Amino acid sequence: MPDLPLTLLDAADALRAGATTSVELTRGFLARIERLNPTLGAFITVTAEQALAAAAQADADFAAGVDRGPLQGIPLGVKDILATQDAPTTANSNVLDRAWGAGWDAPVVARLRAAGGVILGKLVLSEFALGMPDPDTGFPIPRNPWDLERSASGSSSGTGIAVAAGLILGGIGTDTGGSVRGPASFNGHTGLKVTYGRVPKSGCVPLGYTLDSIGPMARSAADCAAILQVIAGHDPSDPTSSRAPVPDYAATLTGSLEGLRIGVPKAYFFDAPELDPQVKDAVLAAVDRMAAAGARVREVELPHAALAKEANTITMVSEALAYHRQDLASKWTTYGKFTRRMLTRGALYTASDYVQAQRFRSFFKAEVARAMADLDVLVTPTGLTAAEKTGEIDPDKRLLWPSFTGIWNLVGLPALALPCGFNDVPLPLSMQIVGKPFAEDVLLRAGDAYQRLTDWHLRVPPIAAEVAA
Amino acid sequence: MQPSQAPDSAATVRALLTAQGISVSDEELDRFVAIYPHVRAAADALYIPEVRYAEPALIFSADWPDAPPPGSAEGVYRA
């Protein structure tokens, strides 16, 4: 994709150097969307007119010497589960009342706009951030740009596709059990699940109230840092949003891995029979690469990780069922078939199961804190495999498989997914770097430093390269 | 008998769904019945000795919110 900048920060530099304008960028990305979106199914709504107006404003600001930071004039997208004043919010569902969120921006969206971001539209997701693509619902079917027959993962599938295929320079996803990290993994870019409370989540249709987070998705860790800088911080409309100070993330990107203390939990995360050996080898090779650059690595144990996955599931589907129960009772067939099956799992648990999951949560949080006492980060695979063929996914079978992402939602920790290789198909492979509470700066520094040593995150799917050629 | 060894998963699942007001097709009911032993076992597995005296990670604050959620200010009575 040589005709448009590859990364958000490249575009920011080009805008400031006068090499392009926001209107030119916006027109270029809108043209790509027009060309590729019918195939890839990334956008539900494209707000071209509003985007061009925002781009013109960004250019006028530049001309007037007003610089609101790296997002000014940058084409972005938001998952269609966040309220925006200029377009309906669907949550990819025919169930959600179209009046929900009408006429106002979620704080995250308002912050992007205030920073000069140009929002190109609203992106496909799994229905209510939980289901799977379902042709019966009438919404676009998301397709992996590396192989159209394969899953783009979920639930922030549209954001993942759009970043990977160069339809936007950065976007917003939400993550309750892996919904930022899964699409980042399958589509081959970077995604950050933030600490619970780091980013206000008001104006977002909930899934699991105590697990939900909103985070940046972009090609690189440095691009994610630029977006997080804008969206992080307390908002009075979300009482769970933290008042912890927001660091200067860009200033922490030193490029150094010297002295970073990495823990590698081999049990569960690396010995699962379902783990693809190519994923395992790529992640361990990435750890070796970081060690060669000065990181200190040792093994660590989290004996109750498998149970943490179950506790996260119980928490998520119980909280989700409370939100959806009335609609499930009255609009059962309006939900997609996968969504209603997953939501209804919440009915199979008892109230005491939910409370026990919260008791386990306290216990496991302490276990993780002990394990990380003399570490800065943990490194694991993001998922078991590279992108699967869409027709081969069985959600009931997945119930029994290990999962490496929801565990960190359970304990609220930040986790960065980033590319660390390709398999022999070739499809992107991904590792996950997990940090301590509110240590997004450490994750972004480590991720950025790794990405200065590698170019996995800069590789472009052939379908996108052909459009640019 | 452990809870996960309930003799009739189909009756249990049917009762749980009915209690929530959820009606499903026979095919969907079969799916829920098939996964129910796994679901039940996963929940039962959390009752480990280490958690016996743990406090739940539930926080309630009696503080009033600083501001209503955006879009919901209407209808809030202020003296």
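**View 1. Strand 7 (residues 261-264) and strand 9 of chain A pair in the parallel sense over two bridges.** The model is predicted: local features need pLDDT of at least 70, side-chain atom pairs count only at pLDDT 80 or more, and totals for chains, interfaces and linings use all residues. Residues are numbered from 1 along each chain as its sequence is written, while chains are lettered from A and ligands numbered from 1 in the order in which they are written. Strands (E, at least two residues) and helices (H or I, at least four) are DSSP runs numbered from the N terminus, and two strands pair if DSSP finds at least two bridges between them. G263(A) has L378(A) of strand 9 as its bridge partner. With strand 11 (residues 428-435) of chain A, strand 9 pairs in the antiparallel sense over five bridges. P381(A) stands opposite M431(A) of strand 11. Strand 9 (residues 377-381) is mostly covered, five of its five residues being buried. A residue is buried if 20 or more other C-beta atoms, placed from the backbone, lie within 10 Å of its own; it is exposed if 12 or fewer do, and partly exposed in between.

**View 2. Eleven strands of chain A form an open sheet with mixed pairing.** The strand order is 1-3-2-4-6-5-10-11-9-7-8. Strand 1 (43-46) and strand 8 (296-299) of chain A stand at the edges with a single partner strand each, so one side of each has no neighbour in the sheet. On average, neighbouring strands of this sheet are turned by 30° against each other, direction ignored. Within the sheet, strand 5 (residues 190-193) and strand 6 (residues 213-218) of chain A pair in the antiparallel sense over two bridges. Here T190(A) has A218(A) of strand 6 as its bridge partner.

View 3. Axes are lines fitted to C-alpha atoms, for helices over the stretch in contact, and angles run from 0 to 180 degrees between N-to-C directions.

**View 4. Helix 4 (residues 107-114) of chain A has six of its eight residues buried, so it is largely enclosed by the rest of the structure.** The buried residues are P107(A), V108(A), V109(A), R111(A), L112(A) and R113(A). They pack against strand 2, strand 3, strand 4, strand 6 and helix 7 (221-231) of chain A. After helix 4 comes G116(A), with a positive phi near 90°.

**View 5. Chain A is divided into domain 1 (8-307 + 350-468) and domain 2 (308-348).** These bounds come from an automatic or database domain assignment. The C-alpha centres of the two domains lie 23 Å apart. In contact are 36 residues of domain 1 and 23 residues of domain 2, where contact requires C-beta atoms, placed from the backbone, within 7 Å. Helix 10 (305-330), helix 12 (351-371) and helix 14 (406-410) of chain A each give two or more residues to the domain 1 side. Helix 12 gives the largest share, six residues.

**View 6. The contact between the chains takes 34 residues from chain A and 32 residues from chain B.** On the chain B side, helix 1 (9-19) and helix 2 (26-44) of chain B each give two or more residues. Helix 2 of chain B gives the most, with nine residues.

Terms used
Two residues are in contact if their C-beta atoms, placed from the backbone, lie within 7 Å.
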